[in-house]
Amino acid sequence: MDFVQLFIFKDKNSREKSVPKATQDLMTNGYISLQKKEVFVSGVKIFYGSQTGTAKGFAASLAEAAASLDLPVAVINLKEYDPDDHLLEEVTSKNICAFVVATYTDGRPTESAEWFCQWLEEASSDFRFGKTYLKGMRYAVFGLGNSAYASHFNKVGKNVDKWLWMLGAHRVVTRGEGDCDVAKSKHGSIEADFRAWKTKFLARLQTLQKGEKKPCDGNCKRGQCESSTEEEPFESTSEEESGTEDHQNPNSVVDVEDLGKIMNCVKKEKREKEQQEEKRSLVRNTVKNEASERRAMITPALREALTKQGYQLIGSHSGVKLCRWTKSMLRGRGGCYKHTFYGIESHRCMETTPSLACANKCVFCWRHHTNPVGTEWRWKMDQPEMILKEAIENHQSMIKQFKGVPGVKEERFEEGMVVKHCALSLVGEPIMYPEINRFLKLLHECKISSFLVTNAQFPVEIRNLKPVTQLYVSVDASTKDSLKKIDRPLFKDFWQRFLDSLKALAAKGVTYCGESSASSLTMANVPWHEEVIHFVRDLVDLIPDYEIACEHEHSNCLLIAHKRFKIDSEWWTWIDYNRFQELMQEYEDSGGSATFSAKDYMAKTPHWALFGASERGFDPKDTRYQRKNKSKDISGC
């Protein structure tokens with residue numbers, strides 16, 4: 001138990017009887033030990049996203065009221081807040097975080113809250129964050145909207161509430177919904193809606209200050225209130241969460257006056273079922289009409305699902321998306337393992353795929369198996385010129401959204417607008433695309449390097465592949481049975497295809513890369529970095545002429561390289577991309593007769609990227625690495 005020592009200095013003129021007996025009993029050798037009072041709420045942080053100033057005014061009003069409870073209060077404009085740096089702090093801060101956010105045109109967030117909402121949405125659907133990322137954070141949301149726009153009324157408030165909930169944060173009070181439409185506003189005006197919610201929030205805040213998990217509703221016998229910390233699902237509306245009369249016990253007696261409402265609901269459900277049946281009938285007729293034609297890979301349902309996950313879809317079977325490391329490097333931070341191992345600049349890398357389809361249904365797939373599967377190309381096919389053009393345009397459009405975002409470096413923003421690398425590893429199986437060689441050629445003509453990943457089920461396509469800057473084959477298991485269980489391949493001869501793919505890879509003369517152990521559905525099964533190091537060391541002992549060259553601790557992976565890339569005791573795993581493009585031009589000019597190897601365009605690996613270096617794969621230019629070391633220097637003084 002924690003104790004604090006209180007020193008009391010005795011005045012000559014004071015009388016002993018002035019010290020209470022209880023205090024005297026606690027006195028020992030001139031000081032008193034008092035039990036430290038536990039703090040349940042350390043402060044209140046109020047975040048706002050405002051366009052016209054209303055949300056900002058509400059945030060100020062809420063701050064004034066919260067301050068009256070003797071709590072430290074901070075009001076934060078979401079435009080100036082960096083969730084990537086600070087949101088995780090709220091997991092252990094004991095703060096209560098209130099979000100006052102307005103819904104702007106077409107259901108979008110205000111300009112000031114746009115980056116925060118984008119980050120939160122992507123984090124909520126990113127398997128690398130997980131459902132417990134914000135576990136411990138306590139929050140409340142009040143949204144501002146206008147019910148005249150029924151399709152997206154208070155959409156931003158609902159989404160912020162949903163995304164925080166999906167990341168494991170705990171909602172402390174029902175979401176409030178302010179309505180600018182006076183006729184439909186629950187309390188007569190948006191100001192009155194806010195005041196009503198503020199009253200609830202402050203009452204809950206006082207309860208939390210006392211350490212009570214859930215306030216008594218007054219309907220129980222004193223001392224027998226059942227306290228529950230179970231949270232309501234994020235989909236619920238304000239009325240549903242409040243437990244109003246709209247939700248009746250199925251066994252309760254129905255008032256005659258409520259029969260009209262019930263009948264309206266029944267009629268509505270019937271109309272919806274009829275509409276759904278009409279849609280299904282339309283789909284069936286469409287399928288019949290298109291039976292003689294190849295269908296588009298991206299169905300309306302798939303388009304909706306992938307769009308929600310942040311994908312920019314291209315044509316009928318391709319897509320592009322910003323990688324988290326692209327965003328990281330734009331802000332002066334480190335890149336992914338590709339940067340550490342090979343020198344790929346993450347902020348200049350475009351992650352895309354010309355095929356959303358795959359021949360596996362891997363248990364560890366983070367795409368939730370929303371993408372189509374197949375063993376051969378059976379869909380409409382778009383031309384590679386169109387795919388590349390729109391991929392670059394969509395990538396640049398997403399980069400533009402980072403202009404003015406807190407922490408983004410102007411120099412890196414300008415560099416990011418020029419694509420220099422293309423990672424064909426976004427989703428699906430890119431090598432399935434019938435025109436993959438033409439697509440690769442176009443990339444190289446645009447001076448864009450290629451990084452292609454395949455799942456080892458298309459050996460013929462690997463053998464027929466034209467020169468690619470880097471070719472990766474995923475090795476997810478070591479035996480036929482384990483591969484079947486983990487990758488769940490569609491091919492019946494999947495094991496032979498797997499072995500043939502490795503042989504085809506060997507014929508390409510590509511460096512073997514030992515990586516991958518995280519093949520699970522939960523983080524509990526992902527090995528620690530030290531465990532990966534131990535595994536790779538054992539693996540290297542079994543592979544002649546290979547050594548551990550680099551590591552990227554953040555990505556939990558190591559690079560095993562052939563000793564031919566170790567010259568005079570120095571590793572040369574990085575790539576001279578300009579030299580590679582020159583060699584590719586010579587190859588094309590010769591009609592494919594010119595040959596070259598990886599050693600012709602290799603570059604020296606920097607010291608910080610090497611295995612065992614103190615940086616553990618962190619680029620010293622990474623601003624976070626600099627701050628980390630600066631803090632170490634200060635603490636050591």
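A: In this predicted model, strand β12 and strand β13 (residues 421-424) run parallel and are joined by three bridges. Within this pairing, Glu-351 has Ala-423 in β13 as its bridge partner. Strands of a sheet pair through backbone hydrogen bonds, either parallel or antiparallel. The antiparallel sense is found between β11 and β12, again over three bridges. Here the bridge partner of Gly-319 is Thr-353 in β12.

Strand β12 covers residues 349-353, and five of its five residues are buried, so the strand is largely enclosed by the rest of the structure. In a regular strand the side chains alternate between the two faces of the sheet. Both faces of β12 are covered.

Leu-313 stands opposite Gly-319 in β11. Gly-319 also has the partner Thr-353 in β12.

Lys-321 is placed over the face of Tyr-311, at 4.8 Å from the ring centre. Arg-324 lies over the face of Trp-325, at 5.1 Å from the ring centre.

The cysteines may be considered next. A disulfide is a covalent bond between the sulfur atoms of two cysteines. The count of disulfides comes to zero. For Cys-323, the closest cysteine sulfur is that of Cys-336, at 6.0 Å, which is too far for a bond because the limit is 2.5 Å. Cys-323 counts as buried, at 17% relative accessibility. For Cys-358, the closest cysteine sulfur belongs to Cys-362, also at 6.0 Å and too far for a bond. Cys-358 is likewise buried, at 8% relative accessibility.

The structure holds 23 aromatic pairs. One of them joins Phe-58 and Phe-142, whose ring centres are 6.1 Å apart and whose planes stand at 75 degrees, so the pair is edge-to-face. This pair links distant parts of the chain: Phe-58 lies in helix α2 (residues 54-67) and Phe-142 in strand β7 (residues 138-145), 84 residues apart. Both Phe-58 and Phe-142 are buried.

A further pair is formed by Phe-580 and Tyr-601, with ring centres 5.1 Å apart and planes at 70 degrees, so this pair is edge-to-face. Phe-580 is in helix α19 (residues 577-589), while Tyr-601 is in the loop between α19 and β21 (602-603); the two are 21 residues apart, and the pair links distant parts of the chain. Phe-580 counts as buried at 1% relative accessibility, and Tyr-601 counts as buried at 8%. Finally, Phe-58 and Phe-142 form one aromatic cluster together with Phe-194, Trp-197 and Phe-201.

How values were computed
Residues are numbered from 1 along each chain as its sequence is written. This is a predicted model: local features need pLDDT of at least 70, side-chain atom pairs count only at pLDDT 80 or more; totals for chains, interfaces and linings use all residues. Side-chain values use heavy atoms; hydrogens and water are left out. Buried means under 20% relative accessible area, exposed over 50%, partly exposed in between (1.4 Å probe, protein chains only). Rings of Phe, Tyr and Trp (its six-membered ring) pair if their centres lie within 6.5 Å; planes under 30 degrees apart count as stacked, over 60 as edge-to-face and the rest as tilted. Helices (H or I, at least four residues) and strands (E, at least two) are DSSP runs, numbered from the N terminus. A charge sits over a ring if NZ of Lys or CZ of Arg is within 6 Å of the ring centre and within 35 degrees of the ring normal. Two strands pair if DSSP finds at least two bridges between them.
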